[in-house]
Protein chains: 2
Amino acid sequence: MGKNLTKRSEDYSKWYNELVVKADLAENSGVRGCMVIKPYGFAIWEKMQAGLDKMFKETGHENAYFPLFIPKSYLSKEASHVEGFAKECAVVTHYRLKNAEDGSGIIVDPEAKLEEELVVRPTSETIIWDTYRKWIQSYRDLPLLINQWANVVRWEMRTRLFLRTAEFLWQEGHTAHATEKEAIDEAELMMNVYADFAENHMAVPVIKGTKTASERFAGALDTYCIEALMQDGKALQAGTSHFLGQNFAKAFDVKFANKEGKQDYVWATSWGVSTRLMGALVMTHSDDNGLVLPPKLAPIQVVIVPIYKGMEQLDAISEKVNPLVKQLRAKGISVKFDNRDTHKPGFKFNEYELKGVPIRLAIGQRDIENGTYEVARRDTLQKESISADAIIEKIEFLLEDIQANIYKKALDFRSEHITQVDSYAEFKEVLENKGGFISAHWDGTEATEERIKNETKATIRCIPMDVKIENGACMVTGRPSDKRVLFAKAY
Amino acid sequence: MGKNLTKRSEDYSKWYNELVVKADLAENSGVRGCMVIKPYGFAIWEKMQAGLDKMFKETGHENAYFPLFIPKSYLSKEASHVEGFAKECAVVTHYRLKNAEDGSGIIVDPEAKLEEELVVRPTSETIIWDTYRKWIQSYRDLPLLINQWANVVRWEMRTRLFLRTAEFLWQEGHTAHATEKEAIDEAELMMNVYADFAENHMAVPVIKGTKTASERFAGALDTYCIEALMQDGKALQAGTSHFLGQNFAKAFDVKFANKEGKQDYVWATSWGVSTRLMGALVMTHSDDNGLVLPPKLAPIQVVIVPIYKGMEQLDAISEKVNPLVKQLRAKGISVKFDNRDTHKPGFKFNEYELKGVPIRLAIGQRDIENGTYEVARRDTLQKESISADAIIEKIEFLLEDIQANIYKKALDFRSEHITQVDSYAEFKEVLENKGGFISAHWDGTEATEERIKNETKATIRCIPMDVKIENGACMVTGRPSDKRVLFAKAY
C-alpha cells in the first residue's frame with residue numbers, strides 16, 4: 001500500500017493538506033473553518049503544551065481561566081484593539097432556541113435576545129484587564145504573571161488546518177507590571193522562551209525580532225516575534241509577545257499605588273502561541289514519505305514491528321520484545337509494540353513512516369537467531385542491524401541524534417535561504433526564484449512597506465534582534481536606512 | 001486580622017460563597033454567569049485534571065479536540081437531546097461587528113448574518129457523532145475511546161461559583177463500541193473511575209448508582225452517577241456516565257460492518273466531570289476557618305513561616321529552612337517558604353489556614369536553639385513540636401494521615417446521614433430536621449417521583465449499585481416496591 005501523498009515539489013500546499021489529514025493530525029469539521037484535532041495530532045499538541053507550561057511556570061507564571069465571552073462594550077474600550085478584532089468575530093445575540101410554531105423545526109427564540117451582545121473571545125486582553133482592575137491596588141500586587149490555555153475564535157474567511165482556523169487553541173499570557181522597563185523585559189523574556197521552545201523542543205530554528213508598526217498586534221506599542229522558515233521558502237510567524245504599554249490599563253482604569261504612594265497606570269504585556277505551531281512543525285521537517293517528528297514531541301518515539309509467519313514465531317518474538325518494551329518505558333521512552341495480526345509488516349512500516357515515528361525496530365526469525373534488531377531512523381530513512389545487547393544504548397543515542405539532525409537540517413536550509421540584496425530588482429528576482437528571507441534596507445515608512453507588499457506580496461517579517469547598524473539606502477526609494485530588515489512571503 | 005468568614009452554622013450558602021472568593025479560588029466576572037478561576041483555584045483544578053487524565057489514559061482513552069460551535073441543525077437530530085439543551089444555550093447569529101453609521105459606537109453588522117446559527121456547545125455528542133461517521137466503517141475501528149477537555153456553555157438563570165455557571169470547564173468522554181454489552185461496561189467502568197478519583201484523590205466519599213428515567217441525561221438509556229453529600233445535608237452529583245444505546249449512531253447514521261460483514265449501528269457512551277467538583281471539594285471538607293484541602297490536590301502541601309525579629313534572625317532561620325525545602329521538593333512535595341518581610345506571622349497563619357494548606361511549619365528563635373519545628377495540621381488544627389531530624393518523616397506521615405483523616409471524617413458524616421424510612425411522614429421529618437440521604441421504597445413511577453419532588457424538593461439521587469432486592473411498599477402510594485432508592489435535596 002502506498003501513501004498516495006502528493007510530492008512537495010509538485011504542490012507543496014496540497015502535500016501539506018493531505019499530510020495533515022492522512023497522518024491523523026486533524027481534519028475539517030462540519031462547522032465552517034473549525035477543525036477537529038484527532039487523537040494523534042492532539043497527542044503532539046499535548047506534548048507541546050506540557051513543554052511550554054513547564055517553561056512558563058519556571059519563569060514564575062501561574063495559570064488561570066477567564067470567560068469565553070466578552071461583552072461588546074469591553075472590546076470597544078481600546079480603540080486600535082477593536083479595529084483589529086471587530087471585523088472577524090463570532091457574536092452571541094440570543095440565549096435560547098425553541099420549536100417553531102409552524103412546526104418547521106428549531107428556531108432562535110426572538111424573546112431571548114441578550115441586552116448586550118457577547119463576542120466569543122478573539123483574544124482576552126479586555127476581559128482580563130477588566131478583572132485586573134479588581135486585583136491590583138498596590139505595587140505589592142505586582143508583577144501579576146498569568147497565563148491561560150484556551151480556545152479563541154477569529155472569523156477568518158479562508159482557513160487551512162492548523163495554519164488559519166476560525167477556532168484555534170492557544171495560550172495567552174497577560175502580565176501586569178509596575179514599570180515600563182519590567183514590562184519590556186517580560187515581553188522580551190517570553191519571546192526568548194518561545195524561541196527556546198521552538199528550537200530545542202520542536203527543532204525549528206527561528207529568528208527573533210520586532211515587528212514594524214503596521215504588523216503589530218492591535219493595541220501594542222511593540223510586538224516581539226519568532227519567525228520560522230518553511231521548506232517552500234515562505235516564513236511563518238510562530239509566536240508573538242507584545243509590550244502593551246499602559247494602553248489597556250488606561251482603557252480599563254487599572255491603577256496602582258507605587259512605593260511612594262503615588263497612583264500610576266499599570267504596564268502590560270501579552271504573549272501567545274497557538275495550534276499554528278503544529279503547522280510549523282509539519283512544514284519544517286516532513287518529507288514526501290510523511291511526517292518527520294522531533295523525538296521530544298513524538299507521541300510514539302519507538303515502534304517495534306514483528307516479522308513472522310504463524311503464532312509460534314510471533315510468540316518467540318514477543319518473548320524478546322516484551323522485556324525491551326518494559327526497559328524502554330522505565331527510561332521514559334514511549335514505545336509501541338505493534339503486534340496486530342490484522343496488518344502486514346509493510347503496511348505497518350508505511351503507517352509509521354507516514355506518522356513520523358522517529359525510530360522503528362523490526363525483528364524477524366533471522367534477528368532472533370542472530371540476536372539483533374533492524375533499526376530504521378525516520379529522518380534519514382537509514383537502516384542498520386544492531387545487536388540486542390546494544391539496542392537500548394542505540395535508541396537513546398538516536399533519540400538525541402535525530403532531534404539534533406533535523407534541527408541542523410532545518411538550520412542549514414534556512415541559512416541557505418537568507419539572501420542579502422541591495423536593489424528592488426534583485427529583491428523581486430530572489431523572491432520569485434528562491435524565496436526565503438531577504439535582508440534589505442528599507443526607509444522605515446509605512447508607505448514603502450505597503451508598496452512592497454502590494455507589488456510582491458512580501459512583508460517585513462521582523463527587524464532582527466541582532467540587527468547591525470550600518471549605513472544604507474532603501475532598496476525601493478533610495479532614502480537613507482541604518483539597518484537591514486527581513487522580508488519574506490509568509491503564511 | 002480575622003478572616004471575616006460567615007460561620008457554616010449561620011448560613012452555609014453564604015459561607016460557601018465567601019470562602020470561594022476569599023480563598024482566591026474564583027470570582028464572578030463582568031459577564032453574566034461566567035466565572036474567573038483565579039490562579040490558586042486553577043492550580044487545584046490542574047491537579048484534578050492531571051489525576052483524571054492519567055486515569056483516563058490508563059483505561060485506554062486518548063484525548064482529541066472538537067469544535068466549540070454546533071450547527072443548530074445538528075442539535076435537533078436527536079429528539080430528546082435538543083429538548084434538554086435548546087432552552088439554555090448561547091446562540092451565535094453573526095460574524096462581524098462594525099462602527100455604527102451614526103457614530104454611536106460598535107454594532108452587530110446586519111450584513112454578517114450566518115446562514116445557519118451556531119450554538120456554543122452545551123455538550124458535544126452531536127458534533128462528535130457527526131465526526132465519528134467518517135471514522136467508523138468496520139469493527140476494526142472499534143472501540144473508539146476518546147476524551148476531550150473543554151469549556152461548555154449552558155445559559156443557566158441562577159448561577160453560583162463552580163456549582164452552576166453559564167460557562168464551565170469539564171472533560172467529556174465519547175466512546176463508540178461494537179456491542180451493547182461493551183458500551184454498558186464502559187459506562188460502568190467510567191463511573192468507577194470517577195468514584196476512585198473522588199474517594200482517593202479528593203477524599204470525597206461517593207455513592208455509585210443509576211438515575212431514574214426522569215433524571216437521565218437527554219438522550220441516554222441509562223445514566224450512572226456518583227453522588228456526594230455536603231456538610232449541610234444536601235447531595236451533589238459529582239459525575240455522570242451515560243449509556244447512550246444507538247441513539248446518536250442512528251441520529252447521525254454511524255454504522256459499522258461487524259465481523260460477519262453485516263451493517264449495524266454503533267453503541268455509544270459519554271461521561272463527564274466538571275469544575276463543579278471544585279464546589280464538592282470545598283463543601284465536603286472546609287470549616288469555619290477556611291478551606292481544608294486533601295494533600296493530593298493541594299497546590300501548596302507544606303508552608304513554612306519564619307518567626308523572627310530583624311534580618312539576622314531571618315538569615316539564621318533561612319539557613320535551616322532552605323536545605324529542608326530542597327529535600328522536600330526532591331521528594332515531590334510542594335513546599336513554600338514564606339519569607340515575605342511585608343507581612344507578620346499571624347497574617348500568614350491566617351492566610352494559609354484560609355487557603356487550606358495541609359501542613360504549616362513555624363520556626364522561631366527558640367526552635368533554632370532546640371532544633372525543632374512547630375508543626376500544625378490544617379484538618380484538626382493540632383500543633384506539636386517536632387525535632388528537625390524527624391521533620392521529613394513527620395511531613396510524609398501527615399500528608400497521608402490528613403488525606404485519610406478527612407476522608408474518614410466525610411465518610412462518618414455521610415454514614416450518620418443515610419436514614420432509612422418507611423413512611424412519607426417520617427421522610428418529610430428527616431428531610432426537614434436532619435437532611436442527608438434518605439433510603440426509602442418508591443413505586444417506580446414518574447408520577448410519584450414528581451409528587452415527592454414538588455412537595456418536598458427532594459429528588460431520587462440514585463438507585464445504588466449495591467441495592468438489595470427486598471419486598472416493600474412505596475412510602476407514598478403503598479404500591480409494591482422491590483428496592484429502596486436514595487432521596488435527598490440536591491445542589
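This is a predicted model: local features need pLDDT of at least 70, side-chain atom pairs count only at pLDDT 80 or more; totals for chains, interfaces and linings use all residues.
**View 1. Strand S17 of chain B, covered on both faces.** Here we look at residues 302-306, and five of the five residues in this strand are buried. One side carries B:Val302, B:Ile304 and B:Pro306, while B:Val303 and B:Val305 sit on the other.

View 2. Follow the chain from S17(B) through helix H9 (residues 310-330) to S18(B), and you will trace a right-handed β-α-β unit.

**View 3. B:Asp338 in the loop between strand S18 and helix H10 of chain B.** B:Asp338 has a relative accessibility of 2%, so it counts as buried. Its side chain makes a polar contact of 2.9 Å with the side chain of B:Arg340. Leaving aside residues up to four places away in sequence, B:Asp338 touches B:Val303, B:Ile304, B:Pro306, B:Lys348 and B:Tyr352.

**View 4. Helix H5 of chain A, largely enclosed by the rest of the structure.** Nine of the eleven residues in this helix (residues 125-135) are buried, which is why it is described as largely enclosed. Among the buried residues are A:Trp129, A:Tyr132 and A:Trp135, along with A:Glu125 and A:Asp130. An unreviewed UniProt entry annotates residues 27-294 of chain A as "domain: Aminoacyl-transfer RNA synthetases class-II family profile". That span is 29% helix and 32% strand, and its end C-alpha atoms lie 22 Å apart.

Terms used:
Residues are numbered from 1 along each chain as its sequence is written. Chains are lettered from A and ligands numbered from 1 in the order in which they are written. Side-chain values use heavy atoms; hydrogens and water are left out. Buried means under 20% relative accessible area, exposed over 50%, partly exposed in between (1.4 Å probe, protein chains only). Helices (H or I, at least four residues) and strands (E, at least two) are DSSP runs, numbered from the N terminus. A polar contact is a pair of N or O atoms within 3.5 Å; within protein, one must be able to donate a hydrogen and the other to accept it, and residues adjacent in sequence count only if both atoms are side-chain atoms. Contact means heavy atoms within 4.5 Å. UniProt positions are given in the numbering used here, feature names are shortened, and annotations may be inferred rather than shown by experiment. A crossover is right-handed if, with the strands pointing away from the viewer, the path from the first strand over the helix to the second runs clockwise.
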